[in-house]
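Today I am looking at aromatic rings. I want to know which ones pair up and where they sit.

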Amino acid sequence: MPRHSENREMPYTAQQMYDLVADVGSYPQFLPWTAAARIRSRTDYGDRELMEADLVISFKVFRERFGSRVTLWPGRMRIDTEYLDGPFRYLKSHWQFEDVAEGRCKVEFFVDFEFRNRVLQGVIGAVFNEAMLRIVRAFEDRARALYGTRP
């Protein structure tokens, strides 16, 4: 089942990168294959916020909607995602952000999923690594667009 992890140092603060990733409603503006995003609900529990969201993914002839529960941990600078409904057997991911130097942070990203549809799983499997690199690049490009270029 496709699994990907990435660790990068970025020329932005942990707060900036956390805010960028937490803004799920903006994903269609910059994230490849994301045709639409809708926030179903948001509930603040003090130390964390639970968000239920739908994303519409469009890839070649496939167009699928899936729901997820996103747990935002602002004090921990962590974002966890769990699968709710849609075309997957399962999906889980997390982001972790940590300041490492003045204006720089370490970003850790992990995703693990499996589609129910074997054809879709096969199509994604063939391009999975390139797709993950494009997604990570899209977040990097979005950071540059929002926060500017830094050394």
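I start with the rule: rings of Phe, Tyr and Trp count as a pair if their centres lie within 6.5 Å. I keep in mind that this is a predicted model. With that rule, I find 11 aromatic pairs in the structure.

**Entry: a tilted pair.** I looked up Tyr-12 and Tyr-147. Their ring centres are 5.8 Å apart, with 50° between the planes. Planes under 30 degrees apart would be stacked and over 60 edge-to-face, so this pair counts as tilted. Where do the two residues of this pair lie in the chain? Tyr-12 is in the loop between strand E1 (3–10) and helix H1 (14–22), and Tyr-147 is in helix H3 (residues 118–147). They are 135 residues apart, and the pair links distant parts of the chain.

Next I checked burial. Tyr-12 has a relative accessible area of 1%, so I note it as buried. Tyr-147 has 24%, so I note it as partly exposed.

**Entry: an edge-to-face pair.** Phe-88 and Phe-113 sit 5.7 Å centre to centre, with 80° between the planes. I note this pair as edge-to-face. Phe-88 belongs to strand E6 (residues 88–101) and Phe-113 to strand E7 (residues 104–115), so the pair ties together parts 25 residues apart in sequence. Are these two residues buried or exposed? I found both Phe-88 and Phe-113 buried.

**Entry: a cluster.** I listed one aromatic cluster: Tyr-18, Tyr-27, Phe-30, Trp-95, Phe-97, Phe-109 and Phe-139.

**Entry: charges over rings.** I found Arg-48 over the face of Tyr-45, at 4.7 Å from the ring centre. Arg-76 lies over the face of Trp-73, at 3.9 Å from the ring centre.

How values were computed. Residues are numbered from 1 along each chain as its sequence is written. This is a predicted model: local features need pLDDT of at least 70, side-chain atom pairs count only at pLDDT 80 or more; totals for chains, interfaces and linings use all residues. Side-chain values use heavy atoms; hydrogens and water are left out. Rings of Phe, Tyr and Trp (its six-membered ring) pair if their centres lie within 6.5 Å; planes under 30 degrees apart count as stacked, over 60 as edge-to-face and the rest as tilted. Helices (H or I, at least four residues) and strands (E, at least two) are DSSP runs, numbered from the N terminus. Buried means under 20% relative accessible area, exposed over 50%, partly exposed in between (1.4 Å probe, protein chains only). A charge sits over a ring if NZ of Lys or CZ of Arg is within 6 Å of the ring centre and within 35 degrees of the ring normal.
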